[in-house]
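Open your viewer and have the selection tool ready.

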Amino acid sequence: MQFTTEAFYQKMGITSDVYAFSEQILADLKPRFEKIDRVAEYNQLKVIRAMQECQVSEACLLGTTGYGYNDLGRDTLEEVYAKVFHTEDALVRPQITCGTHALALALMSNLRPGDELLSPVGKPYDTLEEVIGIRPSKGSLAEYGVTYKQVDLLTDGKFDYENIQKAIGPSTKLVTIQRSKGYQTRPTFSVEQIGELIRFIKQIKPDVICMVDNCYGEFVETIEPTDVGADMAVGSLIKNPGGGLAPIGGYIVGKKECVENAAYRLTSPGLGKEVGASLGILKDFYQGLFLAPTVTASALKGAIFAANIFERLGFAVVPGGQESRHDIIQAITFGSPEGVIAFCRGIQAAAPVDSHVVPEPWAMPGYDADVIMAAGAFVSGSSIELSADGPIKPPFAVYFQGGLTWPHAKFGIIKALQYVVNAGITEINC
Ligand SMILES: *Cc1c(COP(=O)(O)O)cnc(C)c1O
């Protein structure tokens, strides 16, 4: 070693008081981190066993072109996903362009005109509003005659069982449950809570399809929503299950019929899962899934570290520093535009790519305020990589997630703290 790690941090712009404060916070987090490592260990075994049972071979890592008939790697990967999530079938494709597309596909393929969709957990993720037609949009479910009902959560974040029961009617075909809070302030649900909700719904109407938007939740716990009764779970490969390596893609796992419906919609009636060339992407899908448990653990440690640092400094954080975790998103409320901007600039300055770029708040389509975004990612827009963004409006909160490695998540958060300190928004006394 040419110099100590602390001296290295100093060379990277971290002052000794910020470093010492961060290390002090970290010392108390050891037991939590050990628990996270145990979950990662369990999930790592789960992934390896699935790959072994499916006899993943070198040939699976190669891809096909054209129609993609007999794509061994693609078909085997889908078997692996089905084993990891304990489902009958899976659709895991680069032709699914993102999480929203995967969710839209699952909904549109399993609902028919006259059916009703129910969200018993309040407003879904922003982009789904247009899919459903809550905000009028071309090609929405509403345009195809699929109606929508929503039951909001109670003020304490719990399920409103009474009104959920009332909302389930003869046309209720599919229930969508978003696991992660996304960018709202409600709590994220544990898998166990989701299981309770599904049991309640199935007891009222056994044949209703229960779908879980699993974005940001994969591998945070040792069980997944499909282990507690979900008929489908859906997510993005540029979040947790892609392990940072998948450059595109989405997945749908679940009951054979649900997945088949999705496959016929993704490609074409009559073709289904049999077409869809994987091109050269499979190695990254396999290797990304292999890395996903430990990558998710790194992101989780980062979220907890950030929560504890900024909570100690007096800022409001959701979830709280000691709260249990069911996704990888952390919200920190700075109460001023300067705080949001400084934090995001610090995250950017710690990135392996584009660290020299200084993010600025800007008007973005679909937002009603300027937004500042920090991302120095290998995969564009990847939010399993260390990234942050914040709308420049009260309460001036920043949403932060990701970190492919724990040391990078740690450095990014310390760097963000340094920027916040340098901007005079907080002081370190330790
Ligand atoms: C990210 C996310 C989505 C949408 O995914 P995109 O890949 O951004 O389209 C949907 N739901 C939740 C809860 C998410 O976190």
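**First stop: helix 2 and helix 10**

Start by selecting helix 2 (16-27) and helix 10 (282-312), which cross in a right-handed way. Right-handed here means that the near helix is turned clockwise from the far one by less than a right angle, and left-handed means anticlockwise. Helices (H or I, at least four residues) and strands (E, at least two) are DSSP runs, numbered from the N terminus. Before you go further, note that this is a predicted model, in which local features need pLDDT of at least 70 and side-chain atom pairs count only at pLDDT 80 or more, while totals for chains, interfaces and linings use all residues. Residues are numbered from 1 along each chain as its sequence is written, and side-chain values use heavy atoms, with hydrogens and water left out.

The axes of helix 2 and helix 10 cross at roughly 115 degrees and come within 10 Å. Axes are lines fitted to C-alpha atoms, for helices over the stretch in contact, and angles run from 0 to 180 degrees between N-to-C directions. Show the side chains of Phe21, Ser22, Gln24, Ile25 and Leu26 in helix 2, which meet Phe305, Asn308, Ile309 and Arg312 in helix 10. Contact means heavy atoms within 4.5 Å. By type, the residues of this contact are 5 nonpolar, 3 polar and 1 charged. Ala, Val, Leu, Ile, Met, Phe, Trp, Tyr, Cys and Pro count as nonpolar, Asp, Glu, Lys and Arg as charged, and the others, Gly among them, as polar.

**Second stop: helix 4**

Helix 4 and helix 10 pack with their axes 10 Å apart, at an angle of about 20 degrees, so they are roughly parallel to each other. Angles under 35 degrees count as roughly parallel, over 145 as roughly antiparallel, 65 to 115 as roughly perpendicular and the rest as oblique. This crossing is left-handed. On the helix 4 side, pick Gly73, Arg74, Thr76, Leu77, Val80 and Tyr81; they meet Leu282, Phe285, Tyr286 and Leu289 of helix 10. This contact divides into 7 nonpolar, 2 polar and 1 charged residues.

Lys46, Val47, Ala50, Met51 and Glu53 of helix 3 make the contact with Val80, Lys83 and Val84 of helix 4. Here the count is 5 nonpolar, no polar and 3 charged.

Which residues touch the most other members of the largest nonpolar core? Select Phe305, Ile309, Phe310, Ile332, Phe334, Phe343 and Leu417, out of 58 residues in that core. A nonpolar core is a set of buried Ala, Val, Leu, Ile, Met, Phe, Trp, Tyr and Cys residues joined through side-chain atoms within 4.5 Å. Buried means under 20% relative accessible area, exposed over 50%, and partly exposed in between (1.4 Å probe, protein chains only). Helix 10 gives the largest share of this core, 10 residues.

Centre on Leu417: not counting residues up to four places away in sequence, it touches Val18, Phe21, Ser22, Ile309, Phe310, Leu313 and Ile428. A second, separate core has 27 residues, including Leu105, Ile132, Met232 and Cys258.

Thr426 sits in the segment after helix 12 and is buried at 11% relative accessible area. Is Thr185 buried or exposed? Thr185, in the loop between strand 4 (172-178) and helix 8 (191-204), is exposed at 67% relative accessibility.

**Last stop: the backbone**

Most residues other than glycine have a negative phi, and most peptide bonds are trans. Val318 and Pro319 are joined by a cis peptide bond, with omega about -5 degrees. The bond from Pro394 to Pro395 is also cis, with omega near 5 degrees.

Next, select Asn70 in the loop between helix 3 and helix 4; its phi is positive, near 50 degrees, and Asn70 is exposed at 72% relative accessible area. Finish at Phe219, in the loop between strand 5 (209-213) and strand 6 (232-236). Phe219 has a positive phi of about 65 degrees and is buried at 2% relative accessibility.
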